[in-house]
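Please read this briefing with the sequence and the three-dimensional view side by side. The points are grouped by topic.

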Amino acid sequence: MSIKIGVIEGDGVGPEVVSWGVSTLEAVSRDSGLEFEFVKAPVGGSTYLETGKVLPEESLAILRGCAAVLKGPMGRPDIEAGVVERDGILALRQIFEQYVNIRPVKLFRGLEAASPLKDALLERGVDFVIIRENSEGLYARMGGMTATTATDINLFTERGVRRILEFAFDIAKKRGKKLVSVDKANVLSGSLYWRRMFEAMAKSHPEITCSSQLVDSFCILVLQDPSPRKWDVVVTDNMFGDIISDEAAAIVGSLGMSPSANFNPGGLSMYEPVHGSAPDIAGQGIANPLATILACAMMMRYTFDREDLAVKIEKAVQKALDEGFRTKDICAGEPHCSTEVMGEAVLKYLH
Ligand code: ATP
């Protein structure tokens with residue numbers, strides 16, 4: 001029986017990169033025992049202009065019937081800031097209780113020149129994963145604004161903190177058994193609550209080396225030594241996760257190389273590139289499709305528990321880079337190729 005995959009093309013470069021994600025999933029599923037059926041669910045800025053709704057009921061109904069979702073970036077410069085984020089991206093995360101955001105930070109071989117860090121700092125490689133709490137903190141949408149005051153409540157609940165930390169311990173167990181929690185416990189009570197729970201839970205995981213780091217120190221330390229000897233799994237709250245994962249994406253060369261997952265361990269999860277809709281390059285055929293292709297690897301790993309297929313996709317990406325294919329964002333001044341040429345190169349190695 002075929003497995004339904006929801007496809008949200010999104011806005012800007014979204015359709016250009018998502019089509020390569022679909023091709024990747026088609027290619028990797030061949031002879032794998034998995035058979036995918038792709039169903040489009042229009043959501044985002046263009047959908048809003050066409051229908052008056054960012055997330056129409058019909059799209060929601062389609063997504064509810066899917067096993068996983070491949071999502072493109074959303075947002076258009078001709079729509080007021082916040083509308084698509086609130087009614088599309090944040091709404092989807094809440095409806096499907098995707099309380100975990102997973103962001104791998106991996107430097108692919110050959111992309112050292114695209115990183116702003118010196119070569120010596122990259123010698124040992126970069127390969128860690130950021131687990132970001134995805135439903136609470138400053139994104140709980142509690143607060144408001146008057147003419148003279150604005151507040152945002154930084155919400156931390158026992159249920160919310162415990163479940164994200166449990167997830168992070170679980171991932172640490174499967175990876176390098178090293179977990180760093182990032183907070184601001186010297187100033188914020190929510191962070192202090194988080195740190196106390198982290199330290200209490202660490203006692204039940206003696207096999208994992210656990211430590212806490214203040215977010216400001218983390219931002220410096222990760223630039224001084226981004227290597228696997230220092231970082232393997234990093235867990236943090238919603239706001240800090242948003243910031244440090246963009247910093248980490250820059251370390252590994254480009255937003256165009258960074259995938260992510262909005263994950264619900266018992267429900268529907270959504271896989272997407274970290275980058276936005278990039279209206280400045282939309283329609284030019286030069287967007288890097290690798291973040292979306294790598295998001296498909298995450299889908300294989302986390303929703304379908306197919307590490308073999310995830311690794312197959314990641315190896316195909318590495319081979320395309322080894323062959324010298326570079327889109328403009330990662331070319332570091334060298335000649336670059338189009339979205340299509342890069343997509344075809346990866347597919348060639350998948351077949
Ligand atoms: P958002 O707020 O929606 O996350 P943003 O304004 O932070 O978006 P992006 O849309 O991600 O930014 O674009 C930031 C820069 O990165 C732009 O110059 C854009 O062209 C570039 N960029 C983003 N995605 C890609 C990609 N896939 N390939 C090449 N360049 C990209």
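What follows covers aromatic pairs, charges over rings, a helix contact, and several individual residues.

This is a predicted model, in which local features need pLDDT of at least 70 and side-chain atom pairs count only at pLDDT 80 or more, whereas totals for chains, interfaces and linings use all residues. Residues are numbered from 1 along each chain as its sequence is written, and side-chain values use heavy atoms, with hydrogens and water left out. Helices (H or I, at least four residues) and strands (E, at least two) are DSSP runs, numbered from the N terminus.

**Aromatic pairs**

- A search of the whole structure finds seven aromatic pairs, where rings of Phe, Tyr and Trp (its six-membered ring) pair if their centres lie within 6.5 Å, and planes under 30 degrees apart count as stacked, over 60 as edge-to-face and the rest as tilted.
- One of these pairs joins Phe36 and Phe304 in a tilted arrangement, with 5.4 Å from centre to centre and 50° between the planes.
- Phe36 lies in strand E2 (residues 36–40) and Phe304 in the loop between helix H10 (290–302) and helix H11 (307–322), so this pair ties together parts that are 268 residues apart in sequence.
- Phe36 counts as buried because its relative accessibility is 12%, and Phe304 counts as buried at 15%; the term buried means under 20% relative accessible area, exposed means over 50%, and partly exposed is in between (1.4 Å probe, protein chains only).
- Phe156 and Trp194 form an edge-to-face aromatic pair, with 6.3 Å from centre to centre and 90° between the planes.
- That pair links distant parts of the chain, 38 residues apart, with Phe156 in the loop between strand E7 (150–152) and helix H6 (158–174) and Trp194 in helix H7 (residues 189–202); both Phe156 and Trp194 are buried.
- Phe36 and Phe304 also belong, with Phe38, to one aromatic cluster.

**Charges over rings**

- A charge sits over a ring if NZ of Lys or CZ of Arg is within 6 Å of the ring centre and within 35 degrees of the ring normal.
- Lys106 lies over the face of Phe108, at 5.3 Å from the ring centre, and the charged end of Arg132 sits over the ring of Tyr139, 5.2 Å from its centre.

**The contact of H8 with H9**

- The axes of helix H8 (residues 215–224) and helix H9 (residues 238–251) come within 11 Å and cross at roughly 10°, where axes are lines fitted to C-alpha atoms, for helices over the stretch in contact, and angles run from 0 to 180 degrees between N-to-C directions.
- This crossing makes H8 roughly parallel to H9, given that angles under 35 degrees count as roughly parallel, over 145 as roughly antiparallel, 65 to 115 as roughly perpendicular and the rest as oblique.
- On the H8 side, Val215, Phe218, Cys219, Val222 and Leu223 meet Phe240, Ile244, Glu247 and Ile251 in H9, where contact means heavy atoms within 4.5 Å.
- The residues of this contact comprise eight nonpolar, no polar and one charged, with Ala, Val, Leu, Ile, Met, Phe, Trp, Tyr, Cys and Pro counted as nonpolar, Asp, Glu, Lys and Arg as charged, and the others, Gly among them, as polar.

**Buried residues and their contacts**

- Leu165, in helix H6, counts as buried at 0% relative accessibility.
- Leaving aside its neighbours within four places in sequence, Leu165 is in contact with Trp194, Met197, Phe198, Met201 and Val235; the C-alpha atoms of Leu165 and Met197, 32 residues apart along the chain, are separated by 8.5 Å.
- Ser258, in the loop between H9 and strand E11 (259–263), is buried with a relative accessible area of 5%.
- Not counting residues up to four places away in sequence, Ser258 touches Ala249, Val252, Pro273, Val274 and Ala291.

**Partly exposed loop residues**

- Most residues other than glycine have a negative phi.
- Arg141, which is not a glycine, has a positive phi of about 60°; Arg141 lies in the loop between strand E5 (127–133) and strand E6 (143–145) and is partly exposed at 43% relative accessibility.
- Ala278 likewise has a positive phi, near 40°, and is found in the loop between strand E12 (270–273) and H10, where Ala278 counts as partly exposed at 22% relative accessibility.
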